[in-house]
Structures are given as structure tokens and as C-alpha cells.
Amino acid sequence: MNLVIKSDYESLSLAAAQAIIELSKQKKEVNICLPTGTTPKGMYKALVDLHQAGQADFSFINWFTLDEYLGIPLSSPFSCYQQITELFYEPTGINKDRIFTFNSEAKDLDAEAARYNAIIEHMGGLDLAIVGIGMNGHVGFNEPGSSANAPTRVIDLHERTLVQSKKYFTDDHPIPTKGITLGMKTLLQSKEVFVVANGEEKADIVKFAIHGPVSDDVPVSHFQTHAGATFLLDTLAASKLK
Ligand code: F6R
């Protein structure tokens, strides 16, 4: 596990974007999984800016959504897929053939989780996973209790995640109670992982993630065991580290 601390959100976002740009320079096919939420918004902006400045060629990258809400259509502006589309795929004109996402409207969602994971395996696994940290230490929707072997699956969202999710939905929109997520197993098999967190509100969970024991109670702590994992923090999120 590696640790990189940046002075502010902007430089943190640029560093996350650079991890993607570096891979794109290899000009060979790579597989990257992308999160939603508040944390990666600056990264998407940096990627769009670099693309508009002609400094990024994404044509060799296959993109995978990290997780998705269940019970809302994929076309909803609140779906993870639509959020990434709006913030990144659309402004950069990413080829649709390169975009992979959960069909969260599938009749058999367990089969859908297996199908999606099999695509990643068939394509050689993830080269880079960019993930955020939930207030309860979740990764994607690998909620507390998720082991390092947790498969890609349907999951009931944790109480704390439901509270955290209020900020993503308008007052009149019900908060989904279920999700579908890449499992810890697939994420831990990614060659590189960037675990990104910013802001003071993440300082406690970041401390547990890095200094606490590796524990299923704090799924993000499993990345302590991953040589290719980098915790990418701003000074506020890192403020409680030793
Ligand atoms: C989003 C996701 C979540 C978030 C995490 C942090 O696709 O998988 O695990 O990354 O909850 O959310 P923010 O960035 O909003 O603090």
C-alpha cells in the first residue's frame, strides 16, 4: 500500500486524472473502473479539461462502472451510469463500445452480477480501479462485513450509506435501498487501485482504513494488503494519520 497526500482537492483530482492519463499513454487496451459520488467530480473535470486541451487520448481504454443503484432506471439522472456519462463520457465523446455497465434493470440480478464480472475476467481483469471511501468504510457498495473474497453481487445498502446517499438525491426522490457492486475480490485483483478521499469528514474513516486492523468491518482496509494500492488524500482527509 502507498500513500500520497496532496495539498488540496484540485491537486488531488489532477493526480487521480494523471493515473488514468499515464495508462492511456501505453496505447494498448486497458480496463479501468470508475466511481461516482462527490469525490471524483474534480477528477472528471480534470480529465475533460486535459482531453479538450488535446492532452488525453482515451481510445484504448475500456471503462467499467464500479457500482449501480437498483430500483431506478439506468436512464435516470441519478443512476451511477448516467452521472459518469454526464460528467465524463459525453463531454469527451467516449466510444460507446468501450463503456461497460451493470444492467440494473435485468430480471435476474444475480445472473447480471455474474455476467458483468465475467466480462471483466474475460477481458483480462482491471488494470486500474479508482474508488472512493464511504463514511462507513465501504468501497463501491461493498458494505461493512464484506470480506476480501466478496464477489460482484447484489447488496442491501447499509444504514450509514442510506444516510450518506441523501446528498445525491433530491428531497422528493426515494433513496434506493439496494445496489449492485463489483466485489472486493475483483477490486483487489486490479493491478492498481487509487483510493481517493478528501475533506475533513473523511479523516476518521481514513485513519481506520490505514492504521486500523485489516477488517471486513471496514472493507477499504483490505487495500492495506495490496502492493499496487495508493491512498490518494488531501491534507484534510489525512489530518488524523500518524
Ligand atoms: C460511488 C461509490 C461509493 C463512493 C463513496 C464515497 O460509486 O461506489 O463507494 O465512492 O461512498 O462517496 P463520496 O465521494 O460522495 O464521499
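Helices (H or I, at least four residues) and strands (E, at least two) are DSSP runs, numbered from the N terminus. The model used in these exercises is predicted.

**Exercise 1. A serine in a loop**

Task: State where Ser-221 is placed, and decide whether Ser-221 is buried or exposed.

Solution. 
Step 1. Ser-221 belongs to the loop that runs between helix 7 and strand 10.
Step 2. Buried means under 20% relative accessible area. Ser-221 has a relative accessible area of 0%, so this serine is buried.
Step 3. When neighbours within four places in sequence are left aside, the contacts of Ser-221 are Ala-209, Pro-213, Val-214 and Ser-215.

**Exercise 2. Helix 1 against helix 2**

Task: Determine how helix 1 is oriented relative to helix 2, and identify the residues that form their contact.

Solution. 
Step 1. Helix 1 covers residues 9-24 and helix 2 covers residues 41-52; their axes come within 8 Å and cross at roughly 60°.
Step 2. Angles under 35 degrees count as roughly parallel, over 145 as roughly antiparallel, and 65 to 115 as roughly perpendicular, with the rest oblique. Helix 1 is therefore oblique to helix 2.
Step 3. The crossing of these two helices is right-handed.
Step 4. Helix 1 contributes Tyr-9, Ser-13, Leu-14, Ala-16, Ala-17, Gln-18, Ile-20 and Ile-21 to the contact, while helix 2 contributes Lys-41, Gly-42, Met-43, Ala-46, Leu-47 and Leu-50.
Step 5. Sorted by class, the contact of helix 1 with helix 2 contains ten nonpolar, three polar and one charged residues.

**Exercise 3. Helix 2 against helix 3**

Task: Carry out the corresponding analysis for helix 2 and helix 3.

Solution. 
Step 1. The axes of helix 2 and helix 3 are 9 Å apart, and the two helices pack at an angle of about 10°.
Step 2. An angle under 35 degrees counts as roughly parallel. Helix 2 and helix 3 are therefore roughly parallel to each other.
Step 3. On the side of helix 2 the contact is made by Lys-41, Tyr-44, Leu-47, Val-48 and His-51, and on the side of helix 3 by Ile-84, Leu-87, Phe-88, Pro-91 and Thr-92.
Step 4. The contact of helix 2 with helix 3 divides into seven nonpolar, two polar and one charged residues.

**Exercise 4. The nonpolar cores**

Task: Describe the largest nonpolar core and name the helix that gives the most to this core.

Solution. 
Step 1. The largest nonpolar core has 36 residues; the members that touch the most others are Val-131, Leu-182, Leu-187, Val-220, Phe-223, Phe-231 and Leu-233.
Step 2. At least two residues of this core come from each of helix 4 (109-122), strand 6 (128-132), helix 6 (184-188), strand 9 (192-197), helix 7 (203-211) and strand 10 (229-234).
Step 3. Helix 7 gives the most to this core, namely four residues.
Step 4. Val-220 is in contact with Ile-133, Gly-137, Val-139, Val-195, Ala-209 and Phe-231, apart from its neighbours within four places in sequence.
Step 5. There is also a second, separate core of 32 residues, which includes Met-43, Leu-47, Ile-94 and Leu-232.
Step 6. In soluble globular proteins, nonpolar side chains tend to be buried together.

**Exercise 5. Tryptophan and glycine**

Solution. 
Step 1. Trp-63 is found in strand 3 (residues 61-65).
Step 2. Not counting residues up to four places away in sequence, Trp-63 touches Ile-20, Ile-32, Leu-34, Phe-58, Phe-88, Tyr-89, Ile-94, Arg-98, Ile-99 and Phe-100.
Step 3. Gly-93 lies in the loop between helix 3 (80-92) and strand 5 (99-100). Exposed means over 50% relative accessible area.
Step 4. Gly-93 and Phe-58 are 35 residues apart in sequence, and their C-alpha atoms are 9.4 Å apart in space.

**Exercise 6. Two further loop residues**

Task: Classify Lys-27 by accessibility, and then Asn-136.

Solution. 
Step 1. Lys-27 lies in the loop between helix 1 and strand 2 (30-34). Its relative accessibility is 45%, so Lys-27 counts as partly exposed.
Step 2. The phi angle of Lys-27 is near 50°, a positive value in a residue other than glycine.
Step 3. Asn-136 is in the loop between strand 6 and strand 7 (153-156). Its relative accessibility is 9%, so Asn-136 counts as buried.
Step 4. Asn-136 and Asp-204 are 68 residues apart in sequence and 9.9 Å apart in space, C-alpha to C-alpha.

Technical notes:
Residues numbered from 1 in each chain as written. Predicted model: local features only at pLDDT ≥ 70, side-chain atom pairs only at ≥ 80, totals over all residues. Heavy atoms only, no water. Axes fitted to C-alpha atoms, helices over the stretch in contact; angles between N-to-C directions. Left-handed = near helix turned anticlockwise from the far one by under 90°. Contact = heavy atoms within 4.5 Å. Nonpolar A, V, L, I, M, F, W, Y, C, P; charged D, E, K, R; others polar. Core = buried A, V, L, I, M, F, W, Y, C linked by side-chain atoms within 4.5 Å. Buried < 20%, exposed > 50% of the residue type's maximum accessible area, 1.4 Å probe, protein only.
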